[in-house]
Each structure stands twice: as structure tokens, then as C-alpha cells.
Amino acid sequence: MPRPGAALLLCLLLLSRPEPLAAESPFQLPAPQNMTVYSYNYQNLLRWAPVKVDNGSVLYTVQYSTPVSCLLKVANARCPRGNEQNRMACACWEEINCTNITKTECNFTHPNIKSFWTITLRVRAELGQVKSDWVETNTFVADQNTIIGPPVIVNVDSTPDSLFLSFVPPVKEDTLQYLARYWEKSTNKQHETEWTKNTRIGLLNLKQLTEYCFQLRAKVQVLHDNIGPLSKTDCHRTAASDATRAGFVVIIFVAATITVVFLAIVCFLFIQKFHQVVKYWFQPPFKIPPHIEEYLKDPGMPVLEELQNNCAEEDPWDSLSVVSNAEGSQALVKYTLNTHVHSDSRSIESGKNLIILQQKDLYQCLDAIERG
């Protein structure tokens, strides 16, 4: 017969033996692979490779854990009682807005997750009642692991010896500081300003009317500084001083005066040399009427006869009636004929004189035109 003490000891050993583990399901999903965290300007994104199955759509769930929340919630009464592993999982892991999603990425940017916290993420795949194992990422600290983009320049003020750069920060963080790298465009010697929290940086002791190029960068001042990349190169020219501007005005005025005088001299010499050409273009010569030009070419034309005929046609004639005896009528006819003959001779002589005068006037006019 066994002793009562030995039987009691055997019961205690059977009660204290741990429960057998449940057998793993033969239809368990494979776990997600290639977990990668991307972070730019504190926009945090987790990506992974999709789990391939023959039928159905795989869903994913993402959780995060921080040492701070884990320590504060270990003794959380809402967690079910059980072994220490289940209790720690309940207390340390929290869900974010990535539960039962179909996409293979999760934006875990959340105001409850502070940028200086050290966090760990994990992902699990689900297909109906079948689930995969959790896959954890490496620790992530936003202040140290995020990429800080360069500041954006909004204005550049130029003076004769400096450039003042105004910009906006990439993110609204009090821990950001800024630096400017600059150099003269014609050289490769670079300079850098001191790190500053101001969003306006001055590049001092520069040359006037000289083009300078510059780049900006930002950093997060933490235990290990997180320095972002440089911005794109931008170039601006310094302004001119008042004395330089006055000198430019004087030079421009003198150059304009010399140009005007030179053009005036050239025009005067051109007119003197090509006087006849200029006169021809600005005052064309007068043309002689065609009938006068024909007479001058052939003075033997019967112009006097035409003039005599015209004068004879224009002279008035009175009718004469014979009312006396034959002698008286003969005397009267003779007188009349003599009168007309004398008048015709006077008309011919006056016509000749008129033509001679007109010819003299025409020659004088042509002479004046040639001299003019």
C-alpha cells in the first residue's frame, strides 16, 4: 500500500504539470515577408510582400509596441489571466488603423505615436479562420530614421554685398535647424553658414553684381543628428551699389550722346555727297507740256498759221450794207478791205511777238530749273 504522503506528492505533480500545447494547424498561412519601413518628413509607411494563395483574399493586420506602453500596461487588469507570454502580448501590442486590410502597406503615422518613441511593428496574414505567424520589424524611431526633406525657398532679397534667403520648413517641428551652402558661380569654392532655427538665412560679405549659387538643408537635433539631403541648386545675382548705378547712368548718357552726334555727321556727309540724288527723291523735276516740247524740238512747225487762224476766227465781223451810189460804195469797200488787211497784219505781228515772248520765258524757266 502506498503511503499517504507519496500519493499526495503525486497529485501535486500532476496538477502542476503544464498543459499540453495545441497542435499546429496543417493549413497555416505563410507569414508576410520583406518588411520595410519608409519615412519621409515624419510620414511613416510600412510595406511587405503579399501572401499568395490559390483561392480567396488575404487580409492583413498590423500592430505596434513601444517599451513605454508595455511597461505601463503590464499590470492591466483588462488582460486575461494566463501565462506570462499571453499577458505581455495583451499589454504590449496595440492596433492601429490597419486591421483586416487588403493592401500590403500601412501608414502608421498617428498622433499617439510620438516621434521620439522607439517602436516595433508586426504583421499577420489571415484567410478566414486560418492565420499566419506574426512577423516583427526592427525598431524604428521617427526622429532618427525619417528623411528630412530640404526647405523650400520662397523669396531672395539682394543687396550689393549679401543675399537673404527666406524659406518654409519641410515639417512643423521645433527641433529642426537649417544650414545654407553657397559659392560663387564662376568658382567651385564652397562656404557654409552656421546651423540656425531661423527661417531666414543671410549670405554675407559677397561681391556686388556677382551671381551666387546656394543649397539648403535641414536636420533634426536629437541624440544623433538626423541631417536631411541638400535642396536643388538655385542662383541669384547681388545688386549694385548707388555709386555703381550712377556710373552706369553717366556711361549710358555719354554713349547715347556720341551715337546721336555720329549719326548726324554721317547724315550731313551723305547729303553733301549725294545732293543731286537726294534732291531728285525729295523734289522731282518739272515736266514741260507736250505741245511746247514738240515746238522746241521743231521750230518750223506752222504754229503762226494756227494762231493766225484762231485770231481770225475770234475777231468780230460786222455786216455792211451798200445803200449809196457806185463810187461811194467802191470807196467804202476799199476802205473796209484796207482796214481788215491792216488789222490782220497787226494781229500776225502781235502773234509773232507773243510767241517770241513765250519762247524767251520758256528758256528762262528751263535755265532756272537746271540751276536750282
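Helices (H or I, at least four residues) and strands (E, at least two) are DSSP runs, numbered from the N terminus. This is a predicted model, in which local features need pLDDT of at least 70, side-chain atom pairs count only at pLDDT 80 or more, and totals for chains, interfaces and linings use all residues. Residues are numbered from 1 along each chain as its sequence is written, and side-chain values use heavy atoms, with hydrogens and water left out.

## The whole chain

The chain has nine helices and 17 strands. It contains 372 residues, and 26% of them are buried. Buried means under 20% relative accessible area, exposed means over 50%, and partly exposed lies in between (1.4 Å probe, protein chains only). The accessible surface comes to about 27200 Å². Carbon and sulfur atoms account for 58% of that surface. Accessible areas come from the Shrake-Rupley method with a 1.4 Å probe; for residues, only the protein chains shown count as cover.

Contacts are counted too. A contact means heavy atoms within 4.5 Å. Take the contacts between residues at least 6 apart in sequence: 63% of them join residues at least 24 apart.

Phe270, Ile271, Phe274, Val277 and Trp281 make a nonpolar surface patch of about 540 Å². Patches are made of residues with over 30% relative accessible area and no salt bridge; like charges are joined within 9 Å, and nonpolar side chains (Val, Leu, Ile, Met, Phe, Trp, Tyr) within 5 Å. Helix 5 (242-273) and helix 6 (275-282) each supply at least two residues of this patch. Phe274 lies in the loop between these two helices. Its relative accessible area is 34%, so Phe274 is partly exposed.

Strand 12 covers residues 176-184. Nine of its nine residues are buried, so the strand is largely enclosed by the rest of the structure. Leu176, Tyr178, Ala180, Tyr182 and Glu184 point one way, while Gln177, Leu179, Arg181 and Trp183 point the other way.

Two strands pair if DSSP finds at least two bridges between them. Strand 12 runs antiparallel to strand 15, and nine bridges join them. Within this pairing, Leu179 has Arg217 as its bridge partner. Strand 12 also pairs with strand 13 (residues 190-192), again in the antiparallel sense, over three bridges. Here Arg181 stands opposite Glu192. Strands 12 and 13 form a hairpin, with five residues between them.

## Salt bridges

Side chains of opposite charge can pair when their charged atoms come close. A salt bridge is a side-chain nitrogen of Lys or Arg within 4 Å of a carboxyl oxygen of Asp or Glu. The structure holds eight salt bridges.

| Pair | N to O distance | Relative accessible areas |
|---|---|---|
| Arg124 and Glu126 | 3.0 Å | Arg124 18%, Glu126 12% |
| Lys207 and Glu184 | 3.7 Å | Lys207 48%, Glu184 17% |
| Lys185 and Glu211 | 3.6 Å | Lys185 47%, Glu211 25% |

Lys185 sits in the loop between strand 12 and strand 13, and Glu211 sits in strand 15. This pair links distant parts of the chain, 26 residues apart. Salt bridges that share partners join Lys185, Glu211 and Arg237 into one network.

What do Lys207 and Glu184 form where their side chains meet? They form a salt bridge. Lys207 lies in the loop between strand 14 and strand 15, and Glu184 in strand 12, so the pair ties together parts that are 23 residues apart in sequence.

## Two buried residues

Thr210 is found in the loop between strand 14 (200-203) and strand 15 (211-220). Is Thr210 buried or exposed? Thr210 counts as buried because its relative accessibility is 13%. A polar atom of its side chain lies 3.0 Å from the backbone oxygen of Gln208. Leaving out residues up to four places away in sequence, Thr210 touches Glu184, His236, Arg237 and Thr238.

Ala125 lies in strand 6 (residues 118-127). Its relative accessible area is 0%, so Ala125 is buried. Not counting residues up to four places away in sequence, Ala125 touches residues including Leu29, Val51, Tyr60 and Ser132. Ile101 is 24 residues from Ala125 along the chain, and their C-alpha atoms are separated by 9.6 Å.

Conventions:
Polar contact = N/O pair within 3.5 Å; in protein donor to acceptor, adjacent residues only side chain to side chain.
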